[in-house]
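I am opening this notebook to record, step by step, what I looked up in the structure shown below.

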Amino acid sequence: MAGFRALAEQVRNPRLVAAQRRTALRKCLERFAPYGHRATWHHLCDQVGIAAHDRSPDPERLVAALAELEEARTLWLAYEEEFAARRRREKHDGRRQPGPIDDWHRRTWGGCDIVPCESPQRHPAARLAVVLRRMIAAMEAGRPRRDCPVCGGTRFAWLPESTDCPASGPACRECGVVAPASVLTSEALTAAGRRVGGAGAFAAA
């Protein structure tokens, strides 16, 4: 099975027809898709101006989409390295109790569904790397907040578990991101429609 880098080279390969390069880009999303496969694909298509169902899009637009995906992947891989190094230091110092950020990182390991979205059609307009930086910063801050860590919106609705979305939790009504419950205050979670008993909040960790 080809890895991300090999697939990225196929996307850039001018000797392949556009349909093959499109397929390679879709396969890249099986290795790294911050919003989930479908939502990340929809986002990239929006960003570069191609139709999501276009089987033979402009190759230059495919390369532009790949560039945004690679930018975000580079950021995420660097974060994963920093996170692993920090956990080693903490364990060495005797701090072995995992916190909310550890749980979030465990669920997002590998780079898929890092910032899941309510639906494939509802996702942030900012570049993937920008969104990842904002979410990482919010998680590392360790302070619950009332607003969305991605767009600053203050309206949330609790998204139940379903087959259409890989995550359940507080979905931002502005950008569609399903935020980690631990990043929001109990008041924000209650307003979203969830009864909070303390579990999952930073203050409880």
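Entry 1. I began with arginine 155, which forms a salt bridge with glutamate 174, and I noted that the closest N and O atoms are 3.1 Å apart. This pair links distant parts of the chain, since arginine 155 sits in the loop between H6 and strand S1 (156–159) while glutamate 174 sits in the loop between S2 and H7, 19 residues apart. I kept in mind that this is a predicted model.

Entry 2. For the structure as a whole I wrote down 9 salt bridges.

Entry 3. Which parts of the chain does the pair of arginine 127 and glutamate 71 tie together? I first noted that their side chains meet in a salt bridge, at 2.8 Å from N to O. Arginine 127 lies in the loop between helix H5 (100–108) and helix H6 (128–141), and glutamate 71 lies in helix H4 (residues 59–92), so the pair ties together parts that are 56 residues apart in sequence. Arginine 127 is partly exposed, with a relative accessible area of 37%, and glutamate 71 is also partly exposed, with 31%.

Entry 4. I also looked up glutamate 118 and arginine 173, whose side chains meet in a salt bridge at 2.5 Å, N to O. Here too the pair links distant parts of the chain, with glutamate 118 in the loop between H5 and H6 and arginine 173 in the loop between strand S2 (169–172) and helix H7 (186–192), 55 residues apart. Is glutamate 118 buried or partly exposed? At 22% relative accessibility, I recorded glutamate 118 as partly exposed, because buried would mean under 20%. Arginine 173 is partly exposed as well, with a relative accessible area of 30%.

Entry 5. Last, I looked at how two helices pass each other: the axes of helix H1 (residues 4–12) and helix H2 (residues 18–28) come within 8 Å and cross at roughly 155 degrees. Angles over 145 degrees count as roughly antiparallel, and H1 and H2 are therefore roughly antiparallel to each other. The crossing of H1 past H2 is left-handed. On the H1 side the contact includes Phe4, Leu7 and Val11, and on the H2 side it includes Ala24, Leu25 and Cys28. I noted that the residues of this contact divide into 7 nonpolar, 1 polar and 3 charged.

Note on methods. Residues are numbered from 1 along each chain as its sequence is written. This is a predicted model: local features need pLDDT of at least 70, side-chain atom pairs count only at pLDDT 80 or more; totals for chains, interfaces and linings use all residues. Side-chain values use heavy atoms; hydrogens and water are left out. A salt bridge is a side-chain nitrogen of Lys or Arg within 4 Å of a carboxyl oxygen of Asp or Glu. Helices (H or I, at least four residues) and strands (E, at least two) are DSSP runs, numbered from the N terminus. Buried means under 20% relative accessible area, exposed over 50%, partly exposed in between (1.4 Å probe, protein chains only). Axes are lines fitted to C-alpha atoms, for helices over the stretch in contact, and angles run from 0 to 180 degrees between N-to-C directions. Angles under 35 degrees count as roughly parallel, over 145 as roughly antiparallel, 65 to 115 as roughly perpendicular and the rest as oblique. A crossing is left-handed if the near helix is turned anticlockwise from the far one by less than a right angle, and right-handed if clockwise. Contact means heavy atoms within 4.5 Å. Ala, Val, Leu, Ile, Met, Phe, Trp, Tyr, Cys and Pro count as nonpolar, Asp, Glu, Lys and Arg as charged, and the others, Gly among them, as polar.
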